[in-house]
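Thanks for coming, everyone. Please take a look at the sequence and the model on the screen, and then we will walk through some side-chain contacts and strands.

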Amino acid sequence: MLKSKHLIGLENFPTSDLNKIIDTSFKFKEILESPERKAILLKGKTIVNMFFEDSTRTKISFTLAEKRLGADSINFSSSTSSVKKGETLKDTIQNIDAMKIDGAVIRHGHPGSALKLTEYIDGSVINAGDGSHEHPTQAILDMVTLKEKFGKIKNLKVGIIGDILNSRVARSDIFALQKLGAEIVVCGPSTLLPSNAKQLGVNITHNIDEVLNWCDVVIGLRIQLERMHLGRIPSKREYHSEFGLTYERVSKLKKDVVIMHPGPMNRGVEIDSKVADSDNAVILDQVLNGVASRMSILYLLLGDKSEKL
Ligand code: CP
């Protein structure tokens with residue numbers, strides 16, 4: 001199993017645990033592609049999915065992963081809970097923990113909330129995205145997708161385009177890619193790049209064509225339209241023209257570049273529909289790999305250590 005009890009972030013996560021999760025994901029992918037699609041390895045375990053922020057992919061794939069593993073899966077949504085009546089995060093969590101749960105998945109807008117949860121819960125905690133801090137399970141499914149496509153991650157050239165400053169996906173992807181030996185270039189307007197990008201150990205450019213000509217794979221990030229009022233990008237149209245994964249740009253490349261995006265996408269802003277729906281895009285493979293990766297994470301964190309897959 002793993003050295004770690006929780007999965008809070010990848011910055012300090014052991015590389016051996018990361019590799020074990022990735023390798024085990026492929027076994028679960030085989031199971032998902034078999035007629036049975038199930039492996040009852042978490043029977044009797046209760047897992048609560050606590051979503052204090054909206055989600056489509058992460059919430060559904062965790063729920064599906066839990067069901068495919070035979071766990072009892074409970075979904076908690078803050079918008080229909082007593083949080084609306086003013087109950088604090090601490091009280092909410094302690095009440096849920098009192099009902100005897102084995103694991104908790106949390107998405108919350110506040111960086112550090114997943115780590116905080118470990119103080120109130122006896123079982124394992126999995127971070128499903130905490131503000132602009134980390135989204136480790138997205139990065140793991142991205143690594144599984146890369147390994148599936150290229151057979152390896154070491155020395156892969158990966159471009160990450162967009163709002164690096166506010167993106168938990170970018171941070172977790174950078175930590176994972178660095179642990180696995182990839183080369184990384186980040187690209188975006190200077191207002192959306194962190195001032196410590198160099199300290200993060202990545203190269204920086206503001207020229208998307210330069211990245212596209214260099215990389216094997218490009219990860220487009222969602223422009224957080226809810227932050228538009230902060231004035232970090234002049235307009236959606238200008239962003240699309242300067243930093244968009246446009247059909248015009250991608251189609252004139254001399255080699256194939258694999259296109260990834262964590263979703264949700266703003267079609268016509270950071271990515272053109274013709275690019276998102278092209279044969280080079282592995283965006284829906286990422287989604288399927290999300291279920292296999294989350295089965296792997298749950299099994300390795302919560303499974304019976306004596307039971308072999
Ligand atoms: N990629 C991702 O986290 O998507 P959701 O917000 O839909 O979960």
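**Rings, strands and salt bridges**

F52 and F76 are both buried; buried means under 20% relative accessible area, exposed means over 50%, and partly exposed lies in between, with a 1.4 Å probe and protein chains only. A word on the source: this is a predicted model, where local features need pLDDT of at least 70, side-chain atom pairs count only at pLDDT 80 or more, and totals for chains, interfaces and linings use all residues. Residues are numbered from 1 along each chain as its sequence is written, and side-chain values use heavy atoms, with hydrogens and water left out.

Aromatic pairs next. A pair of aromatic rings is described by the distance of the centres and the angle of the planes. The rule takes rings of Phe, Tyr and Trp (its six-membered ring) with centres within 6.5 Å; planes under 30 degrees apart are stacked, over 60 edge-to-face, and the rest tilted. How many aromatic pairs does this rule give? Three. In one of them, the ring centres of F52 and F76 are 5.3 Å apart and the planes stand at 50°, so this pair is tilted. It links distant parts of the chain: F52 is in the loop between β1 (46-51) and α2 (57-68), F76 is in strand β2 (residues 72-77), and 24 residues separate them. Helices (H or I, at least four residues) and strands (E, at least two) are DSSP runs, numbered from the N terminus.

Y239 and F243 make another tilted pair, with 5.6 Å centre to centre and 35° between the planes. Both sit in helix α8 (residues 236-243), four residues apart, about one turn of the helix. Y239 is buried, because its relative accessibility is 2%. F243 is buried too, at 8%.

K274 lies over the face of Y247, 4.0 Å from the ring centre. The test here is NZ of Lys or CZ of Arg within 6 Å of the ring centre and within 35 degrees of the ring normal.

Now strand β5 (residues 157-161). Why is β5 described as largely enclosed by the rest of the structure? Because four of its five residues are buried. β5 runs parallel to strand β6 (residues 183-187), joined by five bridges. With strand β8 (residues 217-220), β5 also pairs in the parallel sense, over four bridges. Pairing takes at least two DSSP bridges between two strands. Look at I160: its bridge partner in β6 is V186, and in β8 it is I219. β5, helix α6 (residues 168-179) and β6 form a right-handed β-α-β unit. Right-handed means that, with the strands pointing away from the viewer, the path from the first strand over the helix to the second runs clockwise.

Last, salt bridges. The whole structure holds seven, each a side-chain nitrogen of Lys or Arg within 4 Å of a carboxyl oxygen of Asp or Glu. Among them is E11 with R171, at 3.8 Å, N to O. That pair spans 160 residues, from the segment before α1 (15-33) to helix α6. E11 is partly exposed at 41%, and R171 is partly exposed at 22%.

K29 meets E148 at 2.7 Å, N to O. K29 is in helix α1 and E148 in helix α5 (residues 136-150), 119 residues apart.
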